[in-house]
Amino acid sequence: MSSLPTKNDILEWIEQNPTLTAKRDIAKAFGIKGAARIDLKRVLKELEADGHLEKRNRSYQDPERLPPVSVLQITGPDDDGDLYAKPMEWHGIGQEPIVLLIPRASDPAMGAGDRILARLTLVKNDTHHYEARLIRCIGTNPRRVVGVFRQTAEGGRIQPIDKGSDKEWQVASGATHGAKDGELVEAEQAGPKARMGLPRARIVERLGDPSAPKAVSLIAIHQHGIPDSFPDDVIEAADAAKPVGPEGRKDLRDLPLITIDPSDARDHDDACFAHADEDPKNEGGHVVWVAIADVAAYVTPGSALDREARKRGNSTYFPDRVVPMLPDRLSGDLCSLHEGVPRACIAVEMVLDADGNKLRHRFYRALMQSPASLHYEEVQAAIDGTANERTQPLLEPVLKPLYAAYAALVTARARRQPLELDLPERRIELAEDGTVTSVSFKERIDAHRLIEEFMVLANVAAAETLIEKKSPLLFRVHEEPSPEKLDALRETARASGYNLAKGQVLKTAHLNRLLQEAAGSDEAELINISTLRSMTQAYYGPINLGHFGLALPRYAHFTSPIRRYADLIVHRALISAHGWGKDGLRPEDADGLDDTGTHISDTERRSMVAERDTTDRYLASYLSERVGSEFTGCVSGIARFGIFVKLDETGADGLVPMRSIGNEYFHFDAETITLMGADSGQIIGLGQRATVRLAEAAPITGGIALELLELEGAKLAQGRRSPAGRTPRKRGVKAKRKADKIKRKVKRSRS
């Protein structure tokens, strides 16, 4: 056992390791065990009494030191142009530290009053105490507008791209930021709102060509009316928020709850931990902990923050930016389960048997402190045998038990048979200027599936608890497919040589059997797309109708309150049901759950459409330099005006107009979703392989036009075709009779 460290040794350790300052961290650093911990506690008390340390949430910190990551407010440049800032939270009794901001070339313009999240470095300097590097801006809040700049003799005007606004903004000659006529610009309100005349603005960023990639997400934000700036009172409320202490909470800071997220994640709202169940009656069982950020502690019912969060409904994610549901002071700081920082949470402890069945669970309002913020790839690499310096210490005590519990859940999932669609997700990589550098499909690894299974388990536990306690809540509802959509899926499956049984209660296991039979075949993508299209759209509602896709009778969203208002409602319901405080679900909020569910279901769809439109525009921009190139793909959609082909390389959907499909008239059959050639009888259906040439890619609209070169199993008729795809009446009657005859023959052969 090591000897007790001196007071200077302890102070030096705390100075060099600002995130490892709890008593247990200090004891571990100096090898102090057993009864010697009592002596360590005495020394720490003496340092605290002498004013050298301050105890905050069971961690010891130098009261005259700022945390390594702090929220700052810019106080303005000095005569030399250097930017200085002051800390938003200062607990010392001496002079408030002076912070010098060290800007990078890529940092945005900043001025007096702006609030930022910054990483600090202590320096010994006559002019300042810390140097700060910007992490992100979080506090500027003037009204913003995106539009096309039109130059005038007096400066210019901005024509907003928002279709809901026809009012122009006036820009003074000294506030154009060098913008040129016809450029897309982002501007902010300049000065107080004028009583008469056009509102005044100053251009803060030139976005260039309105069809350029950097403008894509801004166009979508304004087109779909997604709020992208917070009202002043919301920003003020967020800035005034203080960290929640341990009072009235279960202390889970000794529990190694880790976060596992994408490498570029901006916030961390869920953490997990698992260990073997020591109960001899549950041999081979597991105890799984899931802790979720306690957003309800900061966003109280009826507050300005609450009203704005409900209005937004959810965060919206684009390849180049996030439009958050909550201000960054909360979403990226106080509510985010950052490594080494005490954070308020709502945690659920779940006990599983060896086969992954949940035996029981219990919820707590708690305080946690994550030992590590990891990303999916490094966690998977550690399990696969290539741990790094971050994951190696956690491999045996944390990561392997997590995967052991996950293995049990995989067994339970196989019995439950949720819908197993194979539809890879695209990943768009952008350069700093917003241009698309690559388009790929995201790799699915066990680390992703592990977190998904734990979150599903926690969501089920939340729904079950609130049902048991007869508490109102918002369920995540996914109803089973309609008979009409199922009939269409059966028709598609039968035409592809597969069978989906009729006359029985449909279960996801039946659909999975169909998907498994088609896996690896030429029809696999067609069957997956057709199955997806047969599904109803999930929504939020106060009546439990189950979740068909997940094969679960009870399901609610609990695990993402930073980015979904529905989860915040469930958190409040849990608070009220357990009597944890006065910030739970109010009676008037419970009475309005139907309206809230409808509203946030609409905002979710709005975000989905905006995200899809943005992806389409980025893909069109990426492909715009490859006009004339040939691509392979499959028919993903059929309409009266043409066919859609999904390209293998990027997953982009392009239109082949009807007029360019061969040289004959094609009849559209809405029942079977096919085209039939009037002369050849050739049938074009979903899933057929195709070779196409890129004819046009329009970034401003996201439209992609294709020319059909070859269609698998099809011999397209050649020769003269009537204008615009029309056929003379006599020929049309003859073609219709022939098509009906072929159609009847096809139906007889299928039966």
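1. Contact here means heavy atoms within 4.5 Å. By that rule, and not counting residues up to four places away in sequence, Leu395 touches Ala382, Ile383, Lys400 and Pro401. The structure is a predicted model, in which local features need pLDDT of at least 70 and side-chain atom pairs count only at pLDDT 80 or more, while totals for chains, interfaces and linings use all residues. Residues are numbered from 1 along each chain as its sequence is written, and side-chain values use heavy atoms, with hydrogens and water left out.

2. Leu395 lies in helix H9 (residues 395-416), where helices are DSSP runs of H or I with at least four residues, strands are runs of E with at least two, and both are numbered from the N terminus. Leu395 is buried, with a relative accessible area of 11%; buried means under 20%, exposed over 50% and partly exposed in between, for a 1.4 Å probe and protein chains only. The C-alpha atoms of Leu395 and Ala382, which are 13 residues apart along the chain, are separated by 6.8 Å.

3. Four aromatic pairs are found in a search of the whole structure; rings of Phe, Tyr and Trp (its six-membered ring) pair if their centres lie within 6.5 Å, and planes under 30 degrees apart count as stacked, over 60 as edge-to-face and the rest as tilted. The rings of Trp289 and Tyr364 are stacked, because their centres are 5.7 Å apart and their planes stand at 25°. Trp289 belongs to strand S16 (residues 286-293) and Tyr364 to strand S20 (residues 358-369), so this pair ties together parts 75 residues apart in sequence. Both Trp289 and Tyr364 are buried.
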